[in-house]
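This report looks at how two chains meet and at what surrounds a ligand. Please view the structure first.

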Amino acid sequence: MSTATAQAPTPGGVRRPGVRARTAPDRPLLGTLGILALLLSWEAVPRLGIVPERYFPPVSEVLTTLVERAGTAPFWEAVGHTLYGWALGLAIAFAAAVLLGFVLGSTPRVRAFTTSTVDFLRPIPSVALIPLAVLMYGTDIRSTLLLVIYACFWLIYIQVLYGVADVDPVAEQTARSYGLGRLSRIRHVVWPTTLPYLMTGLRLAAAVGLILSITAQLIIGSPGIGQQITNAQQGGAVALVYAWIVATGILGVVINIGVRALERRVLRWHTSVRGEAAA
Amino acid sequence: MLKVTGLQKIYNGGSTAVEAVRDLTFELAEGELVCLVGPSGCGKTTLLKCIAGLMTPTGGTVELAGEPVLSPPPGMAVVFQEYGRSLFPWMSVRANVELPLKEKKLPRARREELVTESLEAVGLTAFSDSYPWQLSGGMQQRVAIARAIAYEPQVLLMDEPFAAVDAQTRADLEDLVREIWQRLGVTVLFVTHDIDEAVYLGERVLVLSNSPTVVQDDVTVDLPAERDQLGTRQDERFTRLRARVYAQIQQAKKGTAPAPA
Ligand SMILES: Nc1ncnc2c1ncn2[C@@H]1O[C@H](COP(=O)(O)OP(=O)(O)O)[C@@H](O)[C@H]1O
Ligand SMILES: [Mg+2]
């Protein structure tokens, strides 16, 4: 299921980071209407018997279950486990990708030397590592981390490589002519140039990391939302399965909103955020 | 002060080699304002990058105050033609001007003083907290100039700094350059493709030939120190100098490789 997702968003296709359409004024309204329509059909389809309620409980039942569960400690424990695996894995992948990207990316020879290896390793879906993870770490959190880190690392690393290569020669020469040393140039020129790419990588990795965190729990059975879904399924609690799925969706949306907000803050100066300005 | 001897630069772009600059020899005395004029593509930027230590020449040497230039020397500031790309969009105007001073490890109070003074000199005090992309092209180039003068260089290199700004702004900026030069006593090498600008600004004009480039002529500008946009340009001496530089450039275009002046 997540086999495709883990490798799908090829960062190579995301050449211009952060560029997106301006929000039209009636977008939020349309969005709300869309969600209402979805909820309504979800309620209607099982109630009208188009799909048996046994497999597809109406939305009211699912949401009630979700609200009930959200009042209990085990619910938040599971959410916590999932978020912990996600955040820690993402953080490690981020740090490693930035460090390696800057070191390897700024030396063209090393970059050329590693390209073929990267091209081989990158398309390997993280889920293919599940047997390996189980072999090494069992149901320990480290299994989850391995999968999350592997998937997130490449997404960020590739973006960092693009960013490091995108430094404007005029900016670079300006910095050199004003006596900025290698470290200063990395800090004041290369790093800000890379930031938009890095944020794109982070946004992709945050979404994929959540998927992998849950996948690991689902398949390996380490504690978290994924494990809860398996438990609910085995116990025949169909509404609960759906409740967890909805919760996962909400989590994804919240994470995406968070990353977007961070992006807007960090890239205030960038063309994608600053809006219309004189060239 | 600044001595260029037998400078040659050949670009090796894979299979084809471009000889951008063939043989340039000239010298700038301390505190001189010299304009370098030559047609587009004749290697002015190439020359400037060699002087700034940003590029290694194929042959010849550059010396600053008797020391060979092998990497960007301290005490030299460059104003690039592409001001939009030379200013850092992620930094405010103030931070842009201040960054080289931080790198020089100047104490905070001194940095503030220099930044304030230089922004005042270019008339941008009110915009110190703006970002470069919030400013017009002429204002951006003034920020680049402020950054250069705050650096307190002995030598200031300017590469067609006003090529992309409108005529009125350009006239103002030209006067600004002369004012800064007179006030700070800095040695200035001002590169342009505009003959009028070269004669109006310079104490001396070096005329470059077409590629492969040599120094075609070295013209001393005997105009009064105080120049103004209207009077000076109507001055008969101005017209005469202008005609001379123009003729030299025309001759250079015919491709008759002249003996170095
Ligand atoms: N990086 C480069 N590689 C190859 N050729 C170059 C490079 N930079 C400039 N040139 C060539 O060198 C010549 C001089 O360029 P340049 O110094 O930019 O001229 P100018 O500044 O006088 O317009 C031109 O013919 C240009 O095409
Ligand atoms: Mg040029």
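How much area is buried between chain B and chain A, and what percentage of it do carbon and sulfur atoms give? In this predicted model, the buried area is about 2,200 Å². Carbon and sulfur atoms give 61% of that.

**The interface**

The contact involves 26 residues of chain B and 24 residues of chain A. One salt bridge is counted between the chains. Its partners are Arg85(B) and Asp168(A), with the closest N and O atoms 2.7 Å apart. Nine residue pairs are in polar contact across the interface. On chain B, four elements each supply at least two residues to the side that touches chain A: strand 6 (76–79), helix 2 (83–86), helix 3 (93–103) and helix 5 (137–150). Helix 5 of chain B gives the most, with four residues. By class, this side of chain B holds 18 nonpolar, three polar and five charged residues.

**The ligand site**

| Residue | Polar atom | Distance to an oxygen atom of ligand 1 |
|---|---|---|
| Gly43(B) | backbone | 3.0 Å |
| Lys44(B) | backbone | 2.8 Å |
| Thr46(B) | side chain | 2.5 Å |

On its own, ligand 1 has 560 Å² of accessible area, and the protein covers 59% of it.

How values were computed. Residues are numbered from 1 along each chain as its sequence is written. Chains are lettered from A and ligands numbered from 1 in the order in which they are written. This is a predicted model: local features need pLDDT of at least 70, side-chain atom pairs count only at pLDDT 80 or more; totals for chains, interfaces and linings use all residues. Side-chain values use heavy atoms; hydrogens and water are left out. A polar contact is a pair of N or O atoms within 3.5 Å; within protein, one must be able to donate a hydrogen and the other to accept it, and residues adjacent in sequence count only if both atoms are side-chain atoms. Accessible areas come from the Shrake-Rupley method with a 1.4 Å probe; for residues, only the protein chains shown count as cover. Contact means heavy atoms within 4.5 Å. Buried area is the accessible area (1.4 Å probe) that two parts lose on being put together, summed over both. A salt bridge is a side-chain nitrogen of Lys or Arg within 4 Å of a carboxyl oxygen of Asp or Glu. Ala, Val, Leu, Ile, Met, Phe, Trp, Tyr, Cys and Pro count as nonpolar, Asp, Glu, Lys and Arg as charged, and the others, Gly among them, as polar.
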